Amino acid sequence: MASTQWIESAACRNSDPDKLFAQSAQQNRAKAVCGGCAVRTECLAEALDNRIEFGVWGGMTERERRALLRRHPDVTSWRTVLEQAHEAFMQSRAS
């Protein structure tokens, strides 16, 4: 998919943006929208690769993304990492 073409398929595309940039317990509701999203991986990669600081992206809050970035400072392309992990997961399910 092109770099931002995934947005057209996002489960949240018609959601109120304020709900995706919620605080505390309301973030869990925003994360629930991501649960069945077909482009969750692309969304999360966008947030991680561009160091987006606010909001729920790809099912992760800003706090969760910051922690992941701290644990893996050497990753230069989260899109590549997430796509490879997704492919490995799909192959393991097919076996």
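**Figure 1. The side chains of R79 and E46 form a salt bridge.** This is a predicted model. In the bridge, N and O lie 3.6 Å apart. R79 sits in helix 5, which covers residues 78–94. E46 sits in helix 3, which covers residues 40–49. How accessible is R79? R79 has a relative accessible area of 21%, so it is partly exposed. E46 comes in at 18% relative accessibility and counts as buried. The reason is the cut-off: buried means under 20%.

**Figure 2. K31 and E64 form a salt bridge.** The closest N and O atoms of this pair are 2.8 Å apart. K31 belongs to helix 2, residues 26–34. E64 belongs to helix 4, residues 62–71. In total, the structure holds 2 salt bridges.

**Figure 3. The protein chain is built from 5 helices and 0 strands.** Read from the N terminus, the elements run α-α-α-α-α. The radius of gyration is 13 Å. For 95 residues, the globule rule gives 12 Å. These values are close, so the chain is as compact as a globular protein of that length. Along the principal axes, the C-alpha atoms fill a box of roughly 40 × 30 × 25 Å.

**Figure 4. Contacts and burial in the protein chain.** What share of the 95 residues counts as buried? The share is 33%. Now take the contacts between residues at least 6 apart in sequence. Of these, 53% join residues at least 24 apart.

**Figure 5. Surface and charge of the protein chain.** The accessible surface comes to about 6600 Å². Carbon and sulfur atoms account for 51% of that surface.

Terms used: Residues are numbered from 1 along each chain as its sequence is written. This is a predicted model: local features need pLDDT of at least 70, side-chain atom pairs count only at pLDDT 80 or more; totals for chains, interfaces and linings use all residues. Side-chain values use heavy atoms; hydrogens and water are left out. A salt bridge is a side-chain nitrogen of Lys or Arg within 4 Å of a carboxyl oxygen of Asp or Glu. Helices (H or I, at least four residues) and strands (E, at least two) are DSSP runs, numbered from the N terminus. Buried means under 20% relative accessible area, exposed over 50%, partly exposed in between (1.4 Å probe, protein chains only). The radius of gyration is taken over C-alpha atoms; the globule rule is 2.2 Å times the number of residues to the power 0.38. Contact means heavy atoms within 4.5 Å. Accessible areas come from the Shrake-Rupley method with a 1.4 Å probe; for residues, only the protein chains shown count as cover. Lys and Arg count as positive and Asp and Glu as negative; His and the chain ends are not counted. The place of a charge is taken as NZ of Lys, CZ of Arg, CG of Asp or CD of Glu.
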